[in-house]
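Please read each point against the coordinates.

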Amino acid sequence: MRNILVLVALLVVGGGVFAKFADRFAPPAATSVAVARVPAPEAAARQSGGSRNVTVRADDRGHFQVEARVDGRRMDFLVDTGASVIALRASTARQLGIHPTPREFTANVSTANGSIKAAPATLNMVEIGGLTVRDVSALIIPDEALSTNLLGNSFLSKLRRFEVANGKLVMEQ
């Protein structure tokens, strides 16, 4: 189990580090970058045949950024389909009342900047648009090792489906 947790942590942080470096080396856009966030739940979710859908357009860099509610609090995420779990910056976790002690940082994670420790956590509820997922696994990562929160497969895999095509991410529940 510990080896699996370490592998998950490596994948999460690796995705975050890759995104951080990709942003540094991407050519600047001629105009300002517009972040494509999911609007208010009633505007974002469409229901058809008993299922709910949320569609997110890629930003100018090809990233999907969403606004979510985690345990009732609004938070921004970068969708990372290569991340096994949600990765939260430690400062974000504190906003949720999650304060892992130093001994709870048990997962060893290797990044381009060296090795770090992450603390496993479970989020009661994550909502994006009209989509709600409960009991979602997450890792708490020190702020200096992660530039933004990552929405990984511990959320996405609990949906009926998600698909990336033609500059859009479609999530269905």
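1. L123 and its contacts. Leaving aside neighbours within four places in sequence, L123 is in contact (heavy atoms within 4.5 Å) with V70, D71, I86, L88, L96, I98, R134, D135, V136 and A138. L123 also belongs to the largest nonpolar core, which has 32 residues; I86, L123, F155 and M171 touch the most other members. A nonpolar core here is a set of buried Ala, Val, Leu, Ile, Met, Phe, Trp, Tyr and Cys residues joined through side-chain atoms within 4.5 Å. Apart from this core there is a second one of 12 residues, with I116, A118, I141 and A145 among them.

2. Basis of the model. This is a predicted model, in which local features need pLDDT of at least 70 and side-chain atom pairs count only at pLDDT 80 or more, while totals for chains, interfaces and linings use all residues. Residues are numbered from 1 along each chain as its sequence is written, and side-chain values use heavy atoms, with hydrogens and water left out.

3. Confidence. The mean pLDDT (the predictor's confidence in each residue, from 0 to 100) of the protein chain is 79, and 69% of its residues reach 70 or more. Over residues 1-8 the pLDDT is below 50, and this stretch has nine contacts in the model beyond near neighbours in sequence. Residues 17-44 also stay under 50 in pLDDT; for them the model has 41 contacts beyond four places in sequence.

4. Overall make-up. The protein chain has four helices and 11 strands; these are DSSP runs numbered from the N terminus, helices being H or I of at least four residues and strands E of at least two. Of its 173 residues, 43% are buried, where buried means under 20% relative accessible area, exposed over 50%, and partly exposed in between (1.4 Å probe, protein chains only). Among contacts between residues at least 6 apart in sequence, 64% join residues at least 24 apart. The accessible surface of the chain comes to about 9100 Å², and carbon and sulfur atoms account for 51% of that area; accessible areas come from the Shrake-Rupley method with a 1.4 Å probe, and for residues only the protein chains shown count as cover.

5. D59. Which residues does the side chain of D59 pair with? D59 lies in the loop between β2 (51-57) and β3 (65-70), and counts as buried because its relative accessibility is 5%. A polar atom of its side chain lies 2.9 Å from the backbone nitrogen of R61, and a polar contact of 3.4 Å joins the side chains of D59 and Q65. A polar contact is a pair of N or O atoms within 3.5 Å; within protein, one must be able to donate a hydrogen and the other to accept it, and residues adjacent in sequence count only if both atoms are side-chain atoms. D59 also forms a salt bridge with R61, the closest N and O atoms being 3.2 Å apart. R61 is partly exposed, at 33% relative accessibility.

6. Other salt bridges. The structure holds seven salt bridges, each a side-chain nitrogen of Lys or Arg within 4 Å of a carboxyl oxygen of Asp or Glu. Side chains of opposite charge can pair when their charged atoms come close. In one of the bridges, the closest N and O atoms of D143 and R89 are 3.9 Å apart. This pair links distant parts of the chain, 54 residues apart: D143 is in the loop between β8 (131-141) and β9 (150-151), and R89 is in strand β5 (residues 86-89). D143 is partly exposed at 22% relative accessibility, and R89 is partly exposed at 21%. R161 and E163 meet in another salt bridge (3.3 Å, N to O). Salt bridges that share partners join R160, R161, E163 and E172 into one network. R161 has a relative accessible area of 34% and E163 one of 40%, so R161 and E163 both count as partly exposed.

7. Positive phi. D71, which lies in the loop between β3 and β4 (73-79), has phi near 50°, a positive value in a residue other than glycine. D71 is partly exposed, with 31% relative accessibility. N166 is not a glycine either, and its phi is positive at about 55°. N166 lies in the loop between β10 (161-165) and β11 (168-172), and its 79% relative accessibility makes it exposed.
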